[in-house]
Amino acid sequence: MASVPSLASNVNQRVADALVSALPEAGAADPLLRRSDRADFQANGILALAKKAKANPRELATTVVEGLDKGDVLAEVEVSGPGFLNITVSDKAIVETLAARYADARLGVPLNPDAGTTVIDYAQPNVAKEMHVGHLRSAVIGAAMVEILEFTGETVVRRHHIGDWGTQFGMLIQYLIEHPHELDHKAAGSDAEASGEEAMSNLNRLYKASRALFDADEEFKTRARARVVDLQAGDEQTLALWQRFVDESKIYFYSVFNKLDMDIQDEDIVGESGYNDMLVETCRLLEESGVAVRSNGALCVFFDEYKGPDGNPTPLIVQKSDGGFGYAATDLSAIRDRVTNLKANSLVYVVDARQSLHFKMVFETARRAGWLNEDVHAYQLAFGTVLGADGKPFKTREGETVRLVDLLDEAVDRASAVVREKAQDLTEEEIAERGAQVGIGAVKYADLSTSAARDYKFDLDQMVSLNGDTSVYLQYAYARIQSILRKAGDHKPAAHPELALAPTERALGLHLDGFGELLAEAAAEYAPHKVAAYLYQLASLYTSFYAECPVLKADTAEQVENRLFLCDLTARTLHQGMALLGIRTPERL
């Protein structure tokens, strides 16, 4: 495993060294290197440096060029405009750098030297409730960030903060006591998907029946409310029945996450109930430190910057006047647990943007209490809403929230039709498998290719299209490369630094070389959409290369090998990048 410095960092260092030689009194200077359409790179840092040193920028640029150590890396450097440097790297340097990436299992991607421990809170469904389209983004974005951070060297602790506590359980448990067989499974030994469907169907039926009875029968309502008191007091029978609801819901959750091709482990599920034993102490610590104060009997934290419509400060209510605890007490206890017990440096919450005010208040409260500080930060990776074709929040024709399972099933059906249409010598079983990989990949990619904070339209026709910025386009690019590699016969991929590169080969090679820096940026900014954008550009550059540069029919055996090498490195980069987004890359499509 070897980290491979990119050509950009190599060029940057050479220009930085020449800047220091040309103007030693200025100390270390940033060349401000970026990709350019006039050359491979442009350095813009000389202008600011010349201004600071009261020097002529163009003359300084000329001095820098004269002092540059070009080695085998820089083919051409010219001074442009008032003092920019246009820099072209050699074909040899491109191929040699890519060969070093090719030889490494991690494609030369470095591990972050400052890596720490991050807790990511994502995929948080509610017990005894169906998962709907609103649960998609937290799961997909969170899972991608877990993979990206782990690949760049971070220690990641997954947390699924499921909604498994609250007054509604009094009603559910009391109904189950009075109708003890409502959660029994009829289909013994059925597969996970069928078990999940049955579990949800039982829970749905029980929820509706208990709600109807609660609203219509005052005596049942009284018994249900008494059951809440029993649950909070830790009554053994009540807790055992509560646990049945949690276990039944997990059967359903796992079936949905399995369909989403996501791995959720039981030990990572720590719901609201997991912090019950900490709530009293959290309140005591906040009150004793003066961070929270009593107001009309409730324990509140006030903020000058957050005001309600009446102009009065909006408080964060940690404990209600009746002694009950709100979400804030649970979230603050979770922060204490994650910082103290899990030793986290970073806490990332993949939560709907509509909860931003709540989390701003919770994080500020934790800072005032000293649980968050310069060494431990919390960040809400806030996401926008999934919209229907009409640009409004996605609903069924009847105005109901769309069930997540139905949405995923339809995506797989649409994708299977596309695969069947394009399939060459695939069996029905292979078409079904590829249909699932393409359909689920399409849903994930549509979500991840949009900046998390933005809303996006859920358009299945566009998602499974072979054209445009879709995962299907990327999967077909990967499958096409695998087909070429299978047809290569005796020719094997091999780097040939002595060969001249065509313009589309250079463009592809320079983009491949930027994979590691792109991943570092996506990890630091919690921005999986940057990985999606990189991969789409990679597939587009490969399509241009493939159209203009014959691979198996190249002029010489060396050129065939070098182009196969570029094909294979592109495929490996696509495969790795897609895996980080949780998307499969089938070998044949």
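Residues are numbered from 1 along each chain as its sequence is written. Because this model is predicted, local features need pLDDT of at least 70, side-chain atom pairs count only at pLDDT 80 or more, and totals for chains, interfaces and linings use all residues, while side-chain values use heavy atoms, leaving out hydrogens and water.

Visitor: In what order do the three strands of the open sheet stand?
Guide: Strands are DSSP runs of E, at least two residues, and helices are runs of H or I, at least four, numbered from the N terminus. Two strands pair if DSSP finds at least two bridges between them. The pairing here is antiparallel, and the order is S7-S8-S9.

Visitor: At about what angle does helix H10 run to S9?
Guide: Axes are lines fitted to C-alpha atoms, for helices over the stretch in contact (heavy atoms within 4.5 Å). Angles run from 0 to 180 degrees between N-to-C directions. Helix H10 (residues 279-288) lies across S7, S8 and S9, and its angle to S9 is about 125 degrees.

Visitor: Is Tyr526 buried or exposed?
Guide: Tyr526 lies in the loop between helix H18 (515-525) and helix H19 (528-548). Buried means under 20% relative accessible area, exposed over 50%, partly exposed in between (1.4 Å probe, protein chains only). Tyr526 has 11%, so Tyr526 is buried.

Visitor: What is the phi of Leu32 near?
Guide: Most residues other than glycine have a negative phi. Leu32 lies in the loop between helix H1 (7-22) and strand S1 (33-35). Its phi is positive, near 50 degrees.
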